[in-house]
Amino acid sequence: MLAACTAVYPLLAQQAPAPVPAPSERQRVEGTLKATIRMSVAKIVTSALDKPSTVGNFGPLISQLLAPDGPVDIDYTIAGDQTRAEVRGRLATLPKGSVVLQKMGDAAIRAVIPGNKTWYEIPANQNLGVLLAAPDVTIEPTPEKATIAGQRAERFRFRQTLRVPLPEGTTLPPDFPKEIELSGDLWSTDAYAGTGYAGVFKTLQAFAAIPGVEALTAGGRFPLKIALRSSIMPGYEIRSEVTAIGPVTPDASLFAVPNDYQKVQPPGGGE
């Protein structure tokens, strides 16, 4: 959720893409899932009793950096350990129309920019979500149920504590928090249980800079709607909601970088 920190933790790129299989060699990938998730940052009403943050309100900044043009729809395709995310709007550092490719266990995540036929990589272990380490998470069930994108969902309340990493040689103001408290509401379903579906949220955690989201897939449940709040952005919440979900059978080539795309440095120059 600290989209502003993407400027503090620039990303690197190193590896070459896997070649696109020739049409005669392409295999149909069975047992897959396609989901459309809408990301947004919304203003909310807060209580006058809420304790203000000692570092100010990052809500307006996060809103501009995460979704500068408003809500963003992302089309995810999951095929086993591979995930493809087509971003239909501007999301964090990604231009409109970008495609993010990730394979669980790979050392890098690839960002493909069709507009200029380029692509770049970031190390999977150096994105902000990983740098903030595994959060302490508490999830409590509620009796509330709902139907979201045609699926029955149960509501949970959650709290998370994220430990902010301090790069070597960096000095922060004395009142800068070493931990960030998050809270919110989660609606999830067991209709798509399984650790493989957590890949969607690994991608969100890496590119949308929403650390801790992957932890909400604990128990194999699939989050259909998340509303996330923090004291460092009073009056705002980050929302993600599945608007469509169902099985699909994509071509394996969707998970590879096209051969005629040129590799470039990621935003920040890879320093």
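User: With which residue does arginine 229 form a salt bridge, and how far apart are the closest N and O atoms?

Analyst: Please keep in mind that this is a predicted model. The general idea is that side chains of opposite charge can pair when their charged atoms come close. In this structure, arginine 229 forms a salt bridge with glutamate 237, and the closest N and O atoms are 2.8 Å apart. Glutamate 237 is buried, as its relative accessible area is 7%. Salt bridges with shared partners also join Glu144, Arg155, Asp185, Arg229, Glu237 and Arg239 into one network.

User: Which arginine does aspartate 185 meet in a salt bridge?

Analyst: The side chain of aspartate 185 meets that of arginine 229, at 3.1 Å from N to O. This pair links distant parts of the chain, since aspartate 185 belongs to strand 9 (residues 179–189) and arginine 229 to strand 10 (residues 222–230), 44 residues apart.

User: Is aspartate 185 buried or exposed?

Analyst: Aspartate 185 has a relative accessible area of 9%, so this residue is buried; the cut-off for that word is under 20%. Arginine 229, at 24% relative accessibility, counts as partly exposed.

User: How many salt bridges does a search of the whole structure find?

Analyst: The search finds 14 salt bridges. One of them brings together the side chains of arginine 90 and aspartate 69, with 3.5 Å from N to O. Arginine 90 sits in the loop between strand 3 and strand 4, while aspartate 69 sits in the loop between helix 1 (59–66) and strand 2, so the pair ties together parts that are 21 residues apart in sequence. Arginine 90 counts as partly exposed at 38% relative accessibility, whereas aspartate 69 counts as exposed at 55%.

User: What is the order of the strands in the open sheet?

Analyst: As a general idea, strands of a sheet pair through backbone hydrogen bonds, either parallel or antiparallel. Here, an open sheet of 12 strands has the order 7-8-9-10-11-1-2-3-4-5-6-12, and its pairing is mixed. Strand 7 (136–148) and strand 12 (262–263) are the edge strands, each pairing on one side only.

User: How many bridges join strand 7 to strand 8?

Analyst: Strand 7 and strand 8 (residues 151–163) run antiparallel and are joined by 10 bridges. Within this pairing, isoleucine 139 stands opposite phenylalanine 158 in strand 8. The two strands form a hairpin with two residues between them, and alanine 149 in the turn has a positive phi of about 50 degrees. On to the next neighbour: strand 8 and strand 9 run antiparallel, with 10 bridges between them. There, the bridge partner of phenylalanine 158 is glycine 184 in strand 9.

User: Which residue in the turn between strand 2 and strand 3 has a positive phi?

Analyst: That residue is glycine 80, with a phi of about 65 degrees, in a hairpin that has two residues between strand 2 and strand 3. Strand 2 (residues 72–79) and strand 3 (residues 82–87) run antiparallel and are joined by six bridges. Tyrosine 76 stands opposite alanine 85 in strand 3. Strand 3 also runs antiparallel to strand 4 (residues 99–103), with five bridges, and threonine 83 has glutamine 102 in strand 4 as its bridge partner.

User: In what sense do strand 10 and strand 11 pair?

Analyst: Strand 10 and strand 11 (residues 236–248) pair in the antiparallel sense over four bridges. In this pairing, lysine 225 stands opposite glutamate 241 in strand 11.

Conventions:
Residues are numbered from 1 along each chain as its sequence is written. This is a predicted model: local features need pLDDT of at least 70, side-chain atom pairs count only at pLDDT 80 or more; totals for chains, interfaces and linings use all residues. Side-chain values use heavy atoms; hydrogens and water are left out. Two strands pair if DSSP finds at least two bridges between them. A salt bridge is a side-chain nitrogen of Lys or Arg within 4 Å of a carboxyl oxygen of Asp or Glu. Buried means under 20% relative accessible area, exposed over 50%, partly exposed in between (1.4 Å probe, protein chains only).
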